[in-house]
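Here is a short briefing on a single protein chain. It goes topic by topic, with the cut-offs stated where a term comes up.

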Amino acid sequence: AGRQPACAVTHQRELGCWGSNSHGQTDVPEGEYTSVSVGKYGSCGIRSDQTAVCWGYNSHGQLVVPDGAFIQMAMGYTFACGLREDGTTECWGDGSDGLDSPPVEPLTEIAAGYYHICGLRTDRTLVCWGDAAAGGDGYPSGTFDGVTSGDNYSCALTTDGMAMCWGTDTWATQAAAGEFTHIDGGGHHVCGLNPAGATICWGHCGSGEC
């Protein structure tokens, strides 16, 4: 009952979710969507008019989305964050460990874990906040082309295509070697697409994720 659901947006901007529905996390509100972010017990989507909506578990008000337009959402466990067109990040829900206090500097991308969140600055360097041990601290220096997060870890794709991971998840932080063009994290595993188009996954794969 506690497994993370999955969601996808079709070319017709229809959003569907499947998997565990213990807290209504697959009950998608009506509308056309351009993107979706899936958390452990909830999800957030951006509609065609750039307004956002979240559904599922609402223990700390993480489903109460602020007004206005967003270009990306990131759903954690008891909090959510949204990235606006001017690069500002707004977070709501659980404020422990500074989860609701994002950096004031503009970001180009955000990714949420269980109790932490990471983003890319405009100069492609990383910044993370929230639970320090889970991934809110100890993030690498350098420049990156993408960032993704799971329950208690985050990974970033370096500008030369290498995956670097950190946090307390001893499975997911053991990044696979090789070059990748994209990476995406789940609860305790990560999958990457290599330049040849093959998918390589690592981490805890007890349910056939790898």
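**Disulfides and the strands they join**

The torsion about the S-S bond of Cys118 and Cys128 is about 110°, so this disulfide is right-handed. Strand β10 (residues 116–121) holds Cys118 and strand β11 (residues 126–130) holds Cys128, so the pair ties together parts that are 10 residues apart in sequence. This is a predicted model: local features need pLDDT of at least 70, side-chain atom pairs count only at pLDDT 80 or more, and totals for chains, interfaces and linings use all residues. Residues are numbered from 1 along each chain as its sequence is written, and side-chain values use heavy atoms, with hydrogens and water left out.

*Terms for this part*

- A disulfide is a pair of cysteine sulfur atoms within 2.5 Å.
- Strands (E, at least two residues) and helices (H or I, at least four) are DSSP runs, numbered from the N terminus.
- Buried means under 20% relative accessible area, exposed means over 50%, and partly exposed lies in between (1.4 Å probe, protein chains only).

*Cys118 and Cys128*

- The sulfur atoms of Cys118 and Cys128 are 2.1 Å apart.
- Cys118 and Cys128 are both buried.

*Cys7 and Cys17*

- A search of the whole structure turns up 6 disulfides.
- One of them joins Cys7 to Cys17, with the sulfur atoms 2.0 Å apart.
- The link of Cys7 and Cys17 is right-handed, with 110° about the S-S bond.
- Distant parts of the chain are linked here: Cys7 sits in strand β1 (residues 6–9) and Cys17 in strand β2 (residues 15–18), 10 residues apart.
- Cys7 has a relative accessible area of 15%, so Cys7 is buried.
- Cys17 also has a relative accessible area of 15%, so Cys17 is buried.

*Cys155 and Cys165*

- Cys155 and Cys165 form a disulfide, S to S 2.0 Å.
- With 105° about the S-S bond, this link of Cys155 and Cys165 is right-handed.
- The pair connects distant parts of the chain: Cys155 is in strand β13 (residues 153–158), Cys165 is in strand β14 (residues 163–167), and they are 10 residues apart.
- Cys155 counts as buried because its relative accessibility is 0%.
- Cys165 is buried because its relative accessible area is 17%.

**Positive phi in two loops**

- Arg13 is not a glycine, yet it has a positive phi of about 65°.
- Arg13 lies in the loop between β1 and β2.
- The relative accessible area of Arg13 is 38%, so Arg13 is partly exposed.
- Arg124 is not a glycine either, and its phi is positive at about 75°.
- The loop between β10 and β11 holds Arg124.
- At a relative accessible area of 27%, Arg124 is partly exposed.

- Two strands pair if DSSP finds at least two bridges between them.
- β6 pairs with strand β7 (residues 79–83) in the antiparallel sense over 4 bridges.
- The bridge partner of Ala74 is Cys81 in β7.

**Aromatic pairs**

- A pair of aromatic rings is described by the distance of the centres and the angle of the planes.
- Rings of Phe, Tyr and Trp (its six-membered ring) pair if their centres lie within 6.5 Å; planes under 30 degrees apart count as stacked, over 60 as edge-to-face and the rest as tilted.
- The structure holds 9 aromatic pairs.
- Among them is the stacked pair of Tyr77 and Tyr114, with 4.5 Å centre to centre and 0° between the planes.
- That pair links distant parts of the chain: Tyr77 is in the loop between β6 and β7, Tyr114 is in the loop between β9 (107–112) and β10, and they are 37 residues apart.
- Tyr77 and Tyr114 are both buried.
- The rings of Tyr114 and Tyr115 have centres 5.3 Å apart and planes at 80°, so this pair is edge-to-face.
- Tyr114 is buried, with a relative accessible area of 18%, whereas Tyr115 counts as partly exposed at 26% relative accessibility.
- One aromatic cluster is formed by Tyr41, Tyr57, Tyr77, Tyr114 and Tyr115.
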